[in-house]
Amino acid sequence: CNFKSFCGPVVIGPFAEGMTAVVGPNGSGKSCLVEGLCFALGLELGYMRARALCSLVHRGRQAGDGGRMDSLARKAVCYSAACFTARSGSQSTERLTLQRRVLDGKRSEIRAQLCSCRQPEKGKLPWPCSTCRACILNREQLRSLLLQRIHADINRPERFLVQQSACTAIVQRGPLELLAFLEEHAGTVELRTE
């Protein structure tokens, strides 16, 4: 909601299990989608091509404003949410929903909710479930929760996220370099016996 080039609520997904590639023509919102996910996961601003939190807030540019953020844009609600389902076999057991909001353009807040009581209606935002408790987390609490629930380490985002800028460098690697890259990012390098 009001995140970068997205104005108002935007629901994208659900994505299939496993690997997801985001493709499309220039200007279609690929980077903004990935950056919204990075933001919800609590990643640093460098993963979102931003120098300050206030630059993540959508601000419909006015002619002649030079792209400056006015006081109305500073007060806009800007958040990104991501929802993950922890599965046990083929049963959906628990849904983890994260929401990170920009507060006053200078700081952010991360809320998390674990819910097993219901699934959101198709096309509806998964946040919040009115019966399950949500809590505000600091970055270490978020990291611990993500490691436990979806096996993603936000201190090592390159293990679960390959951004467009890295794709060219990856495909230009030789076979052994590519294998080493994949093993490092999949976390399997420790299993190698030479």
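Is Arg-143 buried, partly exposed or exposed, and what is its relative accessible area? Arg-143 is partly exposed, with a relative accessible area of 21%, where buried means under 20%, exposed over 50% and partly exposed in between (1.4 Å probe, protein chains only).

The model is predicted, so that local features need pLDDT of at least 70 and side-chain atom pairs count only at pLDDT 80 or more, while totals for chains, interfaces and linings use all residues. Residues are numbered from 1 along each chain as its sequence is written, and side-chain values use heavy atoms, with hydrogens and water left out.

The structure holds 5 salt bridges, each a side-chain nitrogen of Lys or Arg within 4 Å of a carboxyl oxygen of Asp or Glu; the table includes three of them.

| Salt bridge | N to O distance |
|---|---|
| Glu-109 and Arg-101 | 2.7 Å |
| Arg-143 and Glu-140 | 4.0 Å |
| Arg-143 and Asp-153 | 2.7 Å |

Arg-143 and Glu-140 both belong to helix H3 (residues 139–150), 3 residues apart, about one turn of the helix; helices are DSSP runs (H or I, at least four residues), numbered from the N terminus. Glu-140 is partly exposed at 48%, whereas Asp-153 is buried at 16%. Elsewhere, Arg-101, Glu-109 and Arg-111 are linked in a network of salt bridges, in which Glu-109 is buried at 13% relative accessible area and Arg-101 is partly exposed at 24%.

There is also 1 aromatic pair, formed by Phe-3 and Phe-39, with 5.5 Å centre to centre and 35° between the planes, hence tilted (centres within 6.5 Å; under 30 degrees stacked, over 60 edge-to-face, the rest tilted). Phe-3 and Phe-39 are both buried.

Conventions:
Phe/Tyr/Trp six-rings, centres within 6.5 Å; stacked < 30°, edge-to-face > 60°. Helix = DSSP H or I, 4+ residues; strand = E, 2+ residues; numbered from the N terminus.
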